Amino acid sequence: MSTTELSPRFQLALRRSLFFGICLFFWLALGTLTFSVLSVVGQRRTDVAGLVKLDAKRTELLNVLWAETISKSEADWAEMANQKLELYEKALLNYVGYHDDSNDRSFMESLRKSFSLVTTIGPIDIDGLTTAGKIFAVVYTIIGVPLCLLLLTQCGRMITSLWEGRGLAIPVICFIFFSAVVYDIIENGTDDVPFFDAIFSIFLQFSSIGEEDNEFHGIIPYIITITGLALMSTLYVQVQHEIERSIHGVEFTFSKIFSKFERWMSEEKGTMNSNRIEEEDEEESDY
């Protein structure tokens, strides 16, 4: 289908989406470079939540190894133990802040930080920023969030030009499932996360709620998240309209009751004022 066959609304939204997308790209690049400089290097975080999670992983590892001791053969048990120990080792190294590819990791971490700020999916490790970095983060967010909203608005107009009404929920659900599969492929299936948990994690990202352990590997997750945010924001608007239509009768009844209450309050206030005037007149006549 050529662009001339598309609706004018879609074409306009497409052009504006590309423009704001380019603007957001350069804004993310600026944030990534700046946060790379203003981030605290080599500082070990005192992460209580991370320590609790690490302890839970250790307990789970011991329980699994003990439970599988009898049911598995020695070779199978050794293979499973190596896999579990490797996962625990990665979690331990991640907690203490050790990475073999520290330079690449620092760059990708700065990109994730910039992306989390402008999309509000968070969270942000404030201990990893210097004072100048925190000041820059405030200014960066104040400009970056509206810029991201401009992009999402235009993407939403593109989406509504293709799907409208309640049918919009179908592409949103399909895209969430598709994104969960893509994330699983990117992670090479080694994350050991149930598929439903992966879907819920994707939903949290797309709804801008975010998750504590958000990690992006490569550029594809960023593109998927932007698309998902646009879909979810458009769906939210549609649900908002549906809610307004469904409770319109109740709202109308409430407005009538509130109007009567306002009139009653006005009458009471007028009565009180007239009584006060009469009392003042009586006092003046006594003098």
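What follows is a short chat about a predicted model.

Colleague: Which residues does UniProt mark as "transmembrane region"?
Modeller: The unreviewed UniProt entry puts that annotation on residues 18–41, 135–155, 167–186 and 219–237.

Colleague: How much helix is there over residues 135–155?
Modeller: That span is 100% helix and 0% strand. Its end C-alpha atoms are 30 Å apart.

Colleague: And what about residues 219–237?
Modeller: Those are 95% helix and 0% strand. The end C-alpha atoms lie 28 Å apart.

Colleague: Let's switch to helix α1. What span should its 31 residues have?
Modeller: Helix α1 covers residues 8–38. At 1.5 Å a residue it should span 45 Å, and its end C-alpha atoms are 44 Å apart, so the two agree.

Colleague: Which residues of α1 are buried?
Modeller: Among them are Phe10, Phe20, Leu24, Trp27, Leu28 and Phe35. Gly31, Thr32 and Thr34 are buried too.

Colleague: New topic: pockets. What volume has the second largest pocket?
Modeller: About 440 Å³.

Colleague: Which lining residues lie nearest its centre?
Modeller: Gly21, Phe25, Leu28, Tyr222 and Ile223, out of 18 lining residues. Leu28 is also one of the buried residues of α1.

Colleague: Which helix gives the most to that lining?
Modeller: α1, with 9 residues. Helices α1, α4 (102–119), α5 (131–162) and α8 (220–246) each supply at least two.

Colleague: How many of the lining residues are nonpolar, polar or charged?
Modeller: The lining of the second largest pocket has 15 nonpolar and 3 polar residues, with no charged ones.

Definitions and conventions: Residues are numbered from 1 along each chain as its sequence is written. This is a predicted model: local features need pLDDT of at least 70, side-chain atom pairs count only at pLDDT 80 or more; totals for chains, interfaces and linings use all residues. Side-chain values use heavy atoms; hydrogens and water are left out. UniProt positions are given in the numbering used here, feature names are shortened, and annotations may be inferred rather than shown by experiment. Helices (H or I, at least four residues) and strands (E, at least two) are DSSP runs, numbered from the N terminus. The expected span of a helix is 1.5 Å times one less than its number of residues. Buried means under 20% relative accessible area, exposed over 50%, partly exposed in between (1.4 Å probe, protein chains only). On a 1 Å grid over the protein atoms alone, a cavity is a set of points where a 1.4 Å probe fits but cannot get out, and a pocket is an open set with protein on both sides within 12 Å along at least five of seven lines; lining residues have an atom within 4 Å of a point. Grid points are joined across faces, edges and corners, and a volume is the space filled by probe spheres set on the points. Ala, Val, Leu, Ile, Met, Phe, Trp, Tyr, Cys and Pro count as nonpolar, Asp, Glu, Lys and Arg as charged, and the others, Gly among them, as polar.
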